[in-house]
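Let's take a look around this one together. We'll start on the inside and then move to the ligand.

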Amino acid sequence: MSAPFVDCAEMEDDPAEEDLADAGPAEPEEVWRSTAADPSPSHRRCVIHIDIDCFYAQVEMLERPELRDKPLGIQQKNIVVTSNYAARARGVGKCCLVTEALQACPDLVLVNGSDLTRYRRMSARIHRLLTRFSRRVERLGFDENFLDVVEAATRAAGGPPVAAPPGHALGSADSCSCGCSARLTAAASLAADVRRALREELGITSCAGIGFNKLLAKLAGATHKPDQQTVLFFGGVNELLLSAGAVRSLPGVGSRTAAQLGDLGVRTTADLRRATPAQLRPLGSAATVTALRALAFGVDPGEVKPSSAALSIGVEDGFRRVDSVEECEVKLRELARRVLVLLGEDGRTPTVLKLSIRRYNREDYGRFRESRQTKVPPSLFARWREREREVGDRLLAEAMVLLKKMLKDEPFHLTLLGLAVTGFSEHSGSEKAGIARFVQKAASSATKRKSLDDATGDDAPPGGVDPAVWESLPPDIKSELIRDQEVGPSKKQKQRSIASFFGGSIDSKSGGGSGTGPEDWDPDVFSQLPPDIQFELKMARRSAGRGAPSGDKKVSPRGPTAAGAAAGAGTAGRARNGSILKFFKK
Ligand code: DCP
Ligand code: MG
Ligand code: MG
């Protein structure tokens with residue numbers, strides 16, 4: 001796919017770019033070759049990415065088989081968030097307005113998908129099934145999972161050779177001699193087994209991508225849909241990335257970043273490869289720019305991190321319009337109350353309060369959230385059930401402070417408010433009181449009324465909750481508990497991982513600014529990067545001593561901003577570019 005060269009000259013006037021400008025590669029193809037010259041260290045991993053086909057629609061079709069052959073859209077408010085493939089064939093895509101969808105397909109059947117409970121339940125079942133195939137399964141959203149299958153694939157690769165991998169293959173298996181092709185071929189067979197199990201046991205079809213890192217596995221899986229699988233050998237990497245076309249198709253590049261890149265004349269992956277660090281500098285810190293460019297070269301050092309139990313407890317409320325502080329306060333008071341209910345059931349003590357907002361934006365259909373968080377003293381929650389009102393008021397007050405910081409005294413139009421607590425301290429057993437204690441006590445005395453669903457583990461309660469009590473909880477509380485159990489790794493964990501990618505201790509708090517040499521980088525990760533990216537990382541490292549902000553932290557529209565902290569970069573850059581770095585943190 002050809003793309004116009006970006007005119008680098010236009011950036012030369014900016015004095016702030018000086019040092020990074022020198023690091024820019026003259027020819028992207030050279031850079032790629034330098035990466036390709038010694039590819040093997042970066043091929044150690046073996047990753048399967050599973051993405052369920054038209055997820056919400058499949059859940060609905062499983063419950064109502066008569067919908068299978070009809071064009072089906074899942075509606076939330078005035079948006080069709082997904083559609084089945086019959087509807088897609090009729091021009092109804094994902095995330096379009098209901099009016100547009102009905103225009104394209106007047107006989108579209110619309111099902112309300114605002115209650116996420118059944119989707120969460122299926123998501124949990126899928127995740128459970130996948131953990132049979134690998135100890136390392138990382139959940140990404142509701143319907144995607146990464147499986148690290150390097151152990152099984154290495155074992156299988158040592159056995160009798162397999163003629164050809166099942167499904168599609170990109171690139172030739174002969175393209176690398178480090179052993180990755182045999183592992184990927186074996187992993188492709190494993191992926192076929194996984195998909196068969198999903199189909200036979202849960203009735204769910206899926207797509208799989210197999211690659212030697214998460215980025216490539218995800219990209220590969222998206223090349224053949226639905227109900228297909230694709231393995232990406234080393235020889236196909238370059239072509240796949242360049243044919244990916246728009247930068248938006250790179251996992252980690254959200255529409256906001258894509259728009260910013262577009263403003264800089266960078267529209268395709270090929271453009272991004274050609275772009276110099278200086279050109280990309282307006283997007284944020286050097287580390288952000290580096291991470292972004294690394295994506296275009298297929299470099300992803302992120303490990304598959306097994307998803308664990310809930311690391312935050314949160315609730316949110318979506319609405320058409322809230323534009324006064326008073327209305328926000330009313331909403332937040334209710335959210336604080338609900339968070340406390342959930343916290344009581346959980347029993348742990350949080351140390352961080354996080355507020356999320358979504359601003360009205362006609363163009364992005366409200367996909368972006370902004371968050372801000374602040375520390376809360378654990379003592380606040382001591383015996384809080386005896387002073388519930390006081391604690392609720394305090395949470396509300398903290399949330400209002402965060403809100404005011406985000407709104408900056410400017411007019412606003414919000415469509416969502418969310419409140420969450422996180423940063424749970426390990427030893428908070430003393431707070432395991434209230435509902436939590438009640439729930440556990442009930443386990444010994446309540447009659448076990450296990451439904452068939454329970455018996456098959458479909459609606460399993462979160463850890464430690466008695467199933468009989470679980471059944472009696474209101475649906476919204478159940479769904480919140482399930483959701484919170486199912487969230488991914490904590491921001492802290494993610495921050496650690498991005499920090500380790502960017503040199504382990506770039507974060508000023510963890511010793512950045514002292515060592516600037518490459519000796520404590522992960523050598524494998526470092527060596528797989530193109531020379532200019534290596535240079536940038538060292539530059540980012542060098543500037544790390546300038547200090548990350550403390551206190552409450554800004555969080556980007558699409559996620560936390562680890563790299564900002566990691567690189568000690570400016571707040572604006574961090575806030576804007578969380579999505580890229582978020583990908584690396586996965
Ligand atoms: N979803 C949502 N809002 C969005 C995007 C997605 O509610 N803006 C929900 C609906 C989807 C589910 O998340 O069913 C999974 O998202 P995917 O992007 O994987 O889309 P699908 O699984 O529906 O379709 P595909 O077959 O393309 O994977
Ligand atoms: Mg999907
Ligand atoms: Mg998906």
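This is a predicted model: local features need pLDDT of at least 70, side-chain atom pairs count only at pLDDT 80 or more; totals for chains, interfaces and linings use all residues.

The largest nonpolar core has 66 residues, and I48, L198, L261, L272 and L280 touch the most other members. A core here is a set of buried Ala, Val, Leu, Ile, Met, Phe, Trp, Tyr and Cys residues joined through side-chain atoms within 4.5 Å, with buried meaning under 20% relative accessible area (1.4 Å probe, protein chains only).

Residues are numbered from 1 along each chain as its sequence is written, chains are lettered from A and ligands numbered from 1 in written order, and side-chain values use heavy atoms, leaving out hydrogens and water.

Now for ligand 1. Around it sit 15 residues, the closest being C54, T82, Y85, K94 and K225; a residue counts if one of its heavy atoms lies within 4 Å. The shell splits into seven nonpolar, two polar and six charged residues. β1 (47-52), α3 (55-63), β3 (79-83) and α4 (85-89) each supply at least two of the shell's residues.

Here are some polar contacts (N or O pairs within 3.5 Å):

| Protein side | Distance to a ligand 1 oxygen |
|---|---|
| C54, polar backbone atom | 2.7 Å |
| Y56, backbone N or O atom | 3.0 Å |
| R88, side-chain N or O atom | 2.8 Å |

Taken alone, ligand 1 exposes 560 Å², and the protein buries 79% of that (Shrake-Rupley method, 1.4 Å probe).

How values were computed. A polar contact is a pair of N or O atoms within 3.5 Å; within protein, one must be able to donate a hydrogen and the other to accept it, and residues adjacent in sequence count only if both atoms are side-chain atoms. Helices (H or I, at least four residues) and strands (E, at least two) are DSSP runs, numbered from the N terminus. Ala, Val, Leu, Ile, Met, Phe, Trp, Tyr, Cys and Pro count as nonpolar, Asp, Glu, Lys and Arg as charged, and the others, Gly among them, as polar. Buried means under 20% relative accessible area, exposed over 50%, partly exposed in between (1.4 Å probe, protein chains only).
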